[in-house]
Amino acid sequence: MNKSITTPRGPFIIRHATPADAMPFRELRLEALQDSPIAFSADYQQNLDHPAKFWEDRLTMEEDEATIFLAEHEGKLIGMTGILRGSSPKTRHSAWIWGVYVTPKWRGLRIAEELINLCFTWAKTRKIILVKLGVAATNTSAIRCYERCGFSTYGTEPRAILYDSKYYDEFLMSRPLDNS
C-alpha cells in the first residue's frame, strides 16, 4: 500500500514500515519526542535508551492487528503514524491512531492527513468501524488536522500528560468509518 504524492517541496511516498526501517524509525521517533514533547505520552530519554532490538520489534507487527506508515522523501523519513486495532473481541471493531508526526520542514503540506487517510484505508479493509486518537488540548494545529480528517471530540482526559512539572489535558477524538 504505497502512495506517491507530489508537493511544492518535492515528491514523497507513504509506505508500510518494516523491521529494516528500525534505525531510521528510531531517529524519527526520537526527533518527534524531542521536537513535540507534549504531543506524545512516550518519553524521549526512555526511548533513547532502548536497544536496537526494541525498535526492530516495534516494527514487527501482525498485518491485521497494527501497522506503522512512514512518509519518505529521497530515502529520508519525514513523517509517521501508527494504527492499532482493539485486542479484545469486544473492541476489534475499533482502532487507535498514535504517533502522528511530520518533520518541521515538511509541515503545512497535509502529509499528516495523507498518513491518517492511509490508516482509514487500512482500517476499512479490516472492517474496523471506528477510529480514535488522543491529542494534547494545546496542540491546535493537530486538532485542526484531525477535524479536517473527520474526527470530532468526544471527551477530555484531564492532566493526561505531565511534562516539565506542568499538566496538559488531552482531547479524545473519534471518527466513524463507513464500511458499506
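User: Which element gives the most to the lining of the largest pocket, and with how many residues?

Analyst: β5 gives the most to that lining, with seven residues. This is a predicted model, in which local features need pLDDT of at least 70 and side-chain atom pairs count only at pLDDT 80 or more, while totals for chains, interfaces and linings use all residues. Residues are numbered from 1 along each chain as its sequence is written, and side-chain values use heavy atoms, with hydrogens and water left out.

User: What counts as a pocket, and what counts as lining?

Analyst: Rolling a probe the size of a water molecule over the atoms shows where empty space is left. Here a 1 Å grid is laid over the protein atoms alone; a cavity is a set of points where a 1.4 Å probe fits but cannot get out, whereas a pocket is an open set with protein on both sides within 12 Å along at least five of seven lines. Lining residues have an atom within 4 Å of a point. A volume is the space filled by probe spheres set on the points, which are joined across faces, edges and corners. The largest pocket has a volume of about 790 Å³. It is lined by 34 residues, and Val-100, Tyr-101, Asn-139, Ala-142 and Tyr-146 are the closest to its centre. At least two lining residues come from each of β5 (94–102), α4 (111–125), β6 (130–136) and α5 (140–148).

User: How many residues of each class are in the lining of the largest pocket?

Analyst: Ala, Val, Leu, Ile, Met, Phe, Trp, Tyr, Cys and Pro count as nonpolar, Asp, Glu, Lys and Arg as charged, and the others, Gly among them, as polar. The lining holds 19 nonpolar, seven polar and eight charged residues.

User: What is the volume of the second largest pocket, and which element has the largest share of its lining?

Analyst: The volume is about 160 Å³. Two or more lining residues come from each of α1, α2 (44–48) and β7 (152–163). β7 has the largest share, three residues.

User: How many disulfides does the structure hold?

Analyst: A disulfide is a covalent bond between the sulfur atoms of two cysteines. The cut-off used is a pair of cysteine sulfur atoms within 2.5 Å. The structure holds zero. For Cys-145, the closest cysteine sulfur is 4.5 Å away, in Cys-149, too far for a bond. The sulfur of Cys-119 also has Cys-149 as its closest partner, at 9.6 Å, again too far.

User: Is Phe-25 buried or exposed?

Analyst: Buried means under 20% relative accessible area, exposed over 50%, and partly exposed in between (1.4 Å probe, protein chains only). Phe-25 counts as buried because its relative accessibility is 0%. It lies in helix α1 (residues 22–35).

User: Which side chains make a polar contact with Arg-15?

Analyst: A polar contact is a pair of N or O atoms within 3.5 Å; within protein, one must be able to donate a hydrogen and the other to accept it, and residues adjacent in sequence count only if both atoms are side-chain atoms. Arg-15 is in strand β2 (residues 10–16) and is buried, at 13% relative accessible area. Its side chain reaches that of Asp-21 at 2.8 Å and that of Glu-72 at 2.7 Å.

Key:
Helix = DSSP H or I, 4+ residues; strand = E, 2+ residues; numbered from the N terminus.
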